[in-house]
Every structure is written in C-alpha cells, then in structure tokens.
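Dear colleague,

I am passing on the structure below, which you have not worked with before. Please look through it first, and then read the notes that follow.

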Amino acid sequence: MNRILPAQPFESLASYVAVGGGEGLTAARAVSSDTIIDEVAASGLRGRGGAGFPTGVKWRTIKSFASPLLRTSVVVNAAEGEPGTFKDRAIIRANPYAVIEGALIAARAMDALSVVIATKVAFAEELDRLRAAIVEISAAGWVGEIDIRIVEGPSEYLYGEETALLEVIDDRPPFPRIAPPYRRGIVEVVRSEGVADSGSGLAADVQMAGTEADSAAPPVLVNNVETMANVAGIIAKGAAWFRSVGTPESPGTIVCTVTGAVRRPGVVEVPMGTPLREVIERASGGVEPGRQITAVLVGVSSAALTAEQVDTELTYEAMAAIGSGLGSAGFLVIGDHIDVVAVAGAASHFLAIESCGQCTACKADGAEIARLLGDAAAGKASPEDLVTVQDRLETVTDGARCGLAAQQQAVVGGLLKSFDRQFRSRFESNATAVEVQFIAALVDIGEQGATVDSSFASKRPDWTHDDLDSGKTPVERFTDHRADDSMEEPSRSLGTAARSEE
C-alpha cells in the first residue's frame with residue numbers, strides 16, 4: 001500500500017499533481033478552519049512521531065490557545081534521529097510534496113502565516129528535495145501569503161523532542177522545555193507577571209505561566225513529517241477513506257523501518273493492524289538465513305518485543321496491551337547470536353550520552369545504568385551491580401521534563417523483565433565477555449544496506465567529540481559559554497541552527 005510513500009519517488013510537482021496531489025489544499029481553502037480540524041479529528045489520525053497523540057485533538061487544543069497579538073505558527077518536525085528509524089527521510093526523498101501540502105493545510109486550519117520545516121544540517125539529500133519542492137510549490141501558487149522556511153539544526157537526538165525543536169528554531173540548544181508548546185511558541189513573548197525565570201538564558205528554565213493572560217506568546221502546532229503527509233489525503237478524500245484501512249482505534253497506514261538481523265534493511269508502508277512478523281518479511285525479506293529472532297527493539301523508546309510477541313499487530317492498542325508501544329515504527333531485529341544484555345547496554349549508552357543534563361537523575365543515573373551494563377557485557381559485573389541497575393531504573397526519571405529517562409526504564413527495564421535469566425547470568429562474577437553492541441541513528445538505507453552514524457562512537461556525555469570528556473553536562477557547557485564573553489559561540493553540536501530561507 002502506497003498512500004504517502006510512493007513505490008517510485010515523485011520527480012516533480014507535476015507528477016504529484018497527476019495522481020491527485022494538491023486536491024487537499026484546494027478543498028481546505030473552500031471550507032472553514034473548524035471544518036478542516038473536524039475532518040482530521042474524524043479520521044482518527046494519530047501522531048506518527050512517537051507519542052501517537054490524536055492529531056485532531058492537538059489541532060483543536062492549539063487553535064483554542066490562539067494569541068490575540070501574534071499568529072500561530074506551524075512546524076514540521078523533520079529532525080529524525082531515533083535509532084532504527086528512517087521513515088521520515090524516506091517520505092521526504094520520495095514525496096516532499098505531500099509533506100508540504102499537509103503543512104499548508106495545517107496553516108489554513110490554524111490561521112497561520114508561517115510554516116517552518118525543522119530538519120538537520122546533515123540531511124543533505126532531504127534538504128535538496130525540500131528546497132526544490134518549495135520552489136515548485138511556490139511557483140505553482142500554492143503558498144499564497146504563507147512564509148515557508150527551513151531550519152537546519154544539530155545532530156543531537158533531543159532535537160527531535162517537540163519542545164527542544166522549538167528551542168533550536170529560537171536559536172537555542174536542544175534542551176526540552178517545561179512549558180508545553182501551545183503555551184510557548186517559536187516566538188517567545190513572555191510578560192514578567194506570574195513567570196518564574198531562573199536567569200540562565202534558557203527558555204527551558206521558564207516555568208509555565210499561571211494563567212493564559214500571563215503570556216502573549218503565540219502557540220505553535222508541531223507535527224511529524226509522516227503525520228503531515230497524511231493530512232493532504234484526509235482532506236482531499238475524507239475521513240472515511242482514511243479509515244478504510246487499519247483498525248477503528250488505529251486507522252490508516254504506518255511507515256515502518258526494519259533493520260538488524262534481516263536479509264536487507266528496508267522501509268515499507270502497511271495498513272495499521274499488520275502483524276510485525278509480516279512487516280519484517282515485507283520490508284526486509286525476513287530474518288537472516290540460519291538466524292532466529294530473540295527480540296525486536298522498538299527504536300530506543302519502548303519495551304522490546306520477545307520472539308513470542310512478534311505476531312503482535314501494529315496498532316497503538318495491541319502494542320500497549322503487551323507493555324510496549326509503536327514509537328516511530330523503527331524495528332531493530334535482534335538475532336539469536338546477539339547477547340540481549342549487550343543490546344540493553346548499547347541502548348542505555350545511547351540514551352545516557354544524548355541526555356542534556358537539565359535533569360540530574362536522567363544524566364547521572366542513566367550513565368550509571370549504561371556503565372554497569374557495559375561491565376556486564378565485558379564480564380566484569382557482580383550480582384550487586386544488577387541490584388544497582390534495578391535501583392537506578394527506579395530513580396532515573398526523578399524530576400524528568402521529557403521522555404528520555406522513561407525510555408531507559410522502558411528499554412532496559414523491559415529487556416530485564418523479559419530476559420531475567422540472561423541478565424542474572426551476565427551479572428555473575430564468572431561470566432564471560434560478549435561482543436559489544438553499537439546502537440546509533442541511521443544515516444542511510446540503500447542498496448548497500450543500512451549505514452549507522454559511526455561518529456556517535458566518539459561522542460562524549462558533554463556532546464563533544466574530544467579525546468576526554470569535560471565532566472560537564474551539555475547544559476553546563478552552554479551556560480559556561482554564556483558566562484564567558486571571551487569564548488566563541490557554542491558550536492552547532494549545542495544547537496546553533498543554520499537557517500535556509502525559501
């Protein structure tokens with residue numbers, strides 16, 4: 001099924017229009033903004049960025065927080081960085097027109113005059129496609145008075161977190177905010193009354209105002225690439241069309257990435273409700289010859305599935321029922337030749353490195369979990385170390401303002417629960433060492449297979465690639481830069497965005 005991920009890339013706007021592209025935007029301009037939102041809500045579309053929040057509810061909520069002073073903005077989250085996930089980049093490469101059309105429809109629904117596509121400076125091919133598509137769409141008269149611009153942000157995983165994304169658009173590092181995005185948009189205009197400001201210069205430290213009147217900041221609508229791409233078809237063909245595949249609670253299609261111990265990595269669009277085993281077969285041709293599935297990681301966001309759970313249908317409700325989630329539908333297949341404790345250690349290490357340090361427990365406890373799991377893989381751990389891991393999993397989320405610390409609990413805690421015997425044997429004093437595993441974001445999926453970001457191997461907890469870690473958190477490094485006027489501006493690794501005006 002190819003609703004938003006065509007079998008062959010659209011080479012031009014004309015080829016997209018030839019199969020009905022643009023009909024959603026035309027339909028949206030003929031009805032009220034409330035009618036657009038009602039149709040999106042009726043479709044049952046849920047955010048495809050990982051949270052699965054009902055899109056119609058989100059749109060209606062953000063519309064209700066409209067500022068009387070400044071216009072709402074629309075942001076497309078194209079900062080994909082979840083390990084094992086490549087679906088947003090696949091969509092942009094094959095069909096950037098649907099993404100932009102969906103964003104323009106969202107702008108119509110929000111009465112917005114600004115659309116920002118926030119992606120990464122490293123995504124060269126995707127940037128080329130987006131820039132070219134914007135030129136074509138503008139020339140075709142689709143844009144009108146709406147300003148569309150691209151923001152090229154850093155490589156950090158947290159850049160993909162919704163509020164951290166807004167921080168980068170506002171020329172700050174990707175440190176998640178306390179206040180939800182509908183209270184603080186991409187133009188921060190905050191009155192002093194009722195607002196607690198730490199003086200750090202980080203918008204992330206500004207507490208949410210007590211009442212709506214405390215802030216004149218416009219809200220912002222942020223949706224993932226895949227979510228936006230679905231909007232065009234929903235408005236063109238109707239909610240019933242969208243619901244004609246999938247399940248009542250999880251309608252539509254979902255774009256999945258499959259990598260790991262498979263014949264070939266791949267990206268595929270399937271109806272929601274398709275069993276994971278079938279997705280693995282369709283996307284990758286199945287498991288490597290001679291291998292069996294031990295587990296399947298759902299990126300590094302949800303509890304892994306065991307071999308007995310691989311027939312679970314890919315719906316929000318079915319995945320929740322087994323204690324996991326869909327995340328961004330990136331599935332890393334772990335073969336029976338891989339030690340699951342080493343996998344847990346690799347996932348924990350990724351999350352610990354990418355933690356920004358605003359929340360002490362997330363950074364410190366996450367690092368301790370990763371270290372002890374690494375020791376276990378090296379055959380240097382004790383039963384007492386396993387107790388410490390379990391204790392740190394309880395405290396790692398203390399004071400957490402974003403979901404990264406909870407991902408430590410979900411991924412490591414889930415594997416520990418499902419593979420208790422393997423964990424206990426690995427934490428025995430006489431355990432043998434096993435091969436170290438490496439988990440990082442995908443750089444590409446092509447004929448040569450999957451390419452993983454090898455530079456992550458040298459990334460330090462302070463987000464540098466220096467020979468030695470500074471011992472500071474990324475937040476501490478940023479505040480040091482601000483305190484010392486003689487120092488250069490923070491590097492892009494701390495979130496300085498490059499802007500590409502279109």
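The largest nonpolar core has 57 residues, and those with the most contacts inside it are Trp59, Val74, Met110, Ile117 and Ile148. A nonpolar core here is a set of buried Ala, Val, Leu, Ile, Met, Phe, Trp, Tyr and Cys residues joined through side-chain atoms within 4.5 Å, where buried means under 20% relative accessible area, exposed over 50%, and partly exposed in between, with a 1.4 Å probe and protein chains only. Helix 6 (residues 96–110) supplies the largest share of this core, namely eleven residues. Another core lies apart from it and has 47 residues, among them Leu158, Phe175, Phe419 and Ala440. As background, nonpolar side chains in soluble globular proteins tend to be buried together.

Please keep in mind that this is a predicted model, in which local features need pLDDT of at least 70 and side-chain atom pairs count only at pLDDT 80 or more, while totals for chains, interfaces and linings use all residues. Residues are numbered from 1 along each chain as its sequence is written, and side-chain values use heavy atoms, with hydrogens and water left out.

As for the protein as a whole, its secondary structure comes to 18 helices and twelve strands; these are DSSP runs numbered from the N terminus, with helices being H or I of at least four residues and strands E of at least two. Of the 502 residues in the protein, 57% are buried. Among contacts (heavy atoms within 4.5 Å) between residues at least 6 apart in sequence, 72% join residues at least 24 apart.

Helix 5 (residues 87–94) is largely enclosed by the rest of the structure, because eight of its eight residues are buried.

Leu69 and Ala217 are 148 residues apart in sequence, yet 8.1 Å apart in space, C-alpha to C-alpha.

With best wishes
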